[in-house]
Amino acid sequence: MQYTTLGNTGLVVSRLAFGAMTFTAGDRSIGAVYKTDAEAAAALVGKALDAGINFFDTADAYASGQSERILGEALRTRRDEVVIATKVGFRTGTPLTQAGLSRRHILWSVDQSLKRLGTDWIDVYIVHKEDPYTPLEETLSALDEVIRSGKARYIGFSNWSAWKVAAALEIQKANGLAPFTHGQMHYSLLGRDVERDVIPMIQRYGLGLTVWSPLASGFLSGKYTRENLGDPDNRYSGFDILPFDKEQGFRLVERMRTIADAHGASVAQVAIAWLLAKKAVTSVLLGASKPHQLADNLGAAELTLTEGEISALDAETVPAPVYPNWFIDNLADQPVAQVLGKGR
């Protein structure tokens, strides 16, 4: 296993982390995802620990809090050895107050998460999404209180826009508030949007980057075909939330299969190894629900792609340019007459 520090902190985390979103004690509200019971979860956590993983991730909204309970129990005897991250922000109950990033909800939620996890502290407390209704200053003040109370050691963000993170960091710095340490964002060969603004921002501020859904909800495992993608037994039949061109995805998988065969590896290992090769990436969350999936994903730690292979995959999936990025990258240092002349 490879290890690194989380952003500009001294917290040592494994470069492969374990995501517990699939853990459930009966909640099947997202049946394509919530499918790993406590016994199976304990076995998966054990295999992850044996492989050297020390970084485990969950959220208060996963399976109505059941994911936190099951993960906490699975790690109970190893608590001092591991880093646990959980999140706040999504709706966790029917009352209007049980959602968002208000001071009330954050301070209530962290106590509920501590109870479910069966621990005295959370290593990394993450705001799960943006809250358009709560002033940013209120959210940041509440997170600072969570840190100062000792209920969490570090804070992070997930699924936030780059501008809002930058604004938050400046507010935290100006007011002596606990700063964000990293972002947990979606990043994969089929979802490279973070390269436009998020990654330049986190590099500017020295933040870490942890990655969710590195296999694009399993698409980059190579197990799907054009014929079976809609089968009711697979994840895509009930959890197709990632916007990408499926046809491009199938072409990419065939290119990845060639690279995988050259290394005696799997398509999934190539997808994860590509992420691990990215300088900005701190850790990649593995969301396996079966032992053989986890074993295969763990093999990515031993796979090193060549520079040529990485470049080829980069070229295969380059994100379409958006404004003002294309202007900044291609035109900003050219004479005005030359820039304007291109439009005639």
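A charge is taken to sit over a ring if NZ of Lys or CZ of Arg is within 6 Å of the ring centre and within 35 degrees of the ring normal. The legends below apply to a predicted model.

**View A. Charged side chains over the rings of Phe90 and Trp121**. The charged end of Lys129 is placed over the ring of Phe90, at 5.6 Å from the ring centre. Arg79 lies over the face of Trp121, where the distance to the ring centre is 4.1 Å.

**View B. The aromatic pair Phe18 and Phe56**. The model contains 9 aromatic pairs. In one of them, the ring centres of Phe18 and Phe56 are 6.1 Å apart and the ring planes meet at 45°, so the pair is classed as tilted. The pair links distant parts of the chain, 38 residues apart: Phe18 belongs to strand 3 (residues 16–19) and Phe56 to strand 4 (residues 55–57). Phe18 is buried because its relative accessibility of 0% falls under 20%. Phe56 likewise counts as buried, with 0% relative accessibility.

**View C. The aromatic pair Tyr323 and Trp326**. The centres of these two rings, Tyr323 and Trp326, lie 5.7 Å apart, and their planes stand at 55°, so this pair is tilted. Tyr323 counts as exposed because its relative accessibility of 60% is over 50%. Trp326 has a relative accessible area of 34% and is therefore partly exposed.

**View D. The cluster of Phe18, Phe23 and Phe56**. Ring pairs join Phe18, Phe23 and Phe56 into a cluster. Among its members, Phe18 is buried, and Phe56 is buried.

Technical notes: Residues are numbered from 1 along each chain as its sequence is written. This is a predicted model: local features need pLDDT of at least 70, side-chain atom pairs count only at pLDDT 80 or more; totals for chains, interfaces and linings use all residues. Side-chain values use heavy atoms; hydrogens and water are left out. Rings of Phe, Tyr and Trp (its six-membered ring) pair if their centres lie within 6.5 Å; planes under 30 degrees apart count as stacked, over 60 as edge-to-face and the rest as tilted. Helices (H or I, at least four residues) and strands (E, at least two) are DSSP runs, numbered from the N terminus. Buried means under 20% relative accessible area, exposed over 50%, partly exposed in between (1.4 Å probe, protein chains only).
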